[in-house]
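Me: I'd like a close look at one part of this model. Please keep it brisk and spell out the cut-offs.
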Amino acid sequence: LEAAMLSPHFLFLVETPPEGAAPDDLTLTDHQMAARLSHLLWSSMPDDVLFAAADAGELQTTEQVAAQVERMLDDPRATALFDNLADQWLLARKVDTIQPNPAVFTAFDNDLREAMADEVRYFLRSFVDGSRTIFDLVASTDLFVNDILADHYDLDPVGAEFVHLEAHNAPRGGILRQAGVLAANSHPYRTSPTRRGQWVLEKLL
């Protein structure tokens, strides 16, 4: 059991050259392409449609792959792509571990922590819409909030579930002004402009 779990073939998607190919041939087989697509976009195995396309040799051209990508992005499972990106790049996962000083931030609790992380995920999911541009990451003027986050932002109640506010009066919008991103780049007892600046320089730019 130990040997199996330490094997690279267990831990990674191992892509070996096709039979008869040169050792340095980086061409992917149809099934390797299917596995790449499904694990990138869905964090899961290929579905029956993708398996059928691989079996039929229909993942060879750019057009064939693009058609599958568009189909997969329309599937609800594609939220995994944006949630993973939000967790790793925009620090949503780090929000789960922050410990603000309760003597300084008396209103902070686990419900607010969860709402902060979810705001980042909902915001990034909206980029599946083709009308979004890269500039919306920092210049967007819309919000995704629930009652807990609305209260934190001094907004009117919106309900228990997250809603999309396209016009609001709060000085919020874009990832640089989201509570989760700000909190993940702060000290437990105060804000940290230098830590935030380092994140912008190294991760965002």
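Leaving aside its neighbours within four places in sequence, which residues is M116 in contact with?

Reply: This is a predicted model: local features need pLDDT of at least 70, side-chain atom pairs count only at pLDDT 80 or more, and totals for chains, interfaces and linings use all residues. Numbering starts from 1 along each chain as its sequence is written, and side-chain values use heavy atoms, with hydrogens and water left out.

Beyond those neighbours, M116 is in contact (heavy atoms within 4.5 Å) with V95, F108, L149, H152, A179, G180 and A183.

Now the core. A nonpolar core is a set of buried Ala, Val, Leu, Ile, Met, Phe, Trp, Tyr and Cys residues joined through side-chain atoms within 4.5 Å. Buried means under 20% relative accessible area, exposed over 50%, and partly exposed in between (1.4 Å probe, protein chains only). The largest such core has 31 residues. M116, L124, L149, I175 and W199 touch the most other members. Elements here are DSSP runs numbered from the N terminus: helices are H or I, at least four residues, and strands are E, at least two. Those giving two or more residues to this core include helix 8 (110-125), helix 10 (147-152) and helix 12 (193-204). Helix 8 gives the most, with 7 residues.

Apart from it lies another core, of 12 residues, with A34, L37, L50 and M72 among them. L50 is also one of the buried residues of helix 4 (residues 48-55), along with A53 and A54. Seen down the axis of helix 4, these fall within an arc of 100° (directions from the axis to the C-beta atoms), so they line one face. Their cover includes helix 3 (30-41) and helix 5 (62-73). D48 and D55, on the other side of helix 4, are exposed.
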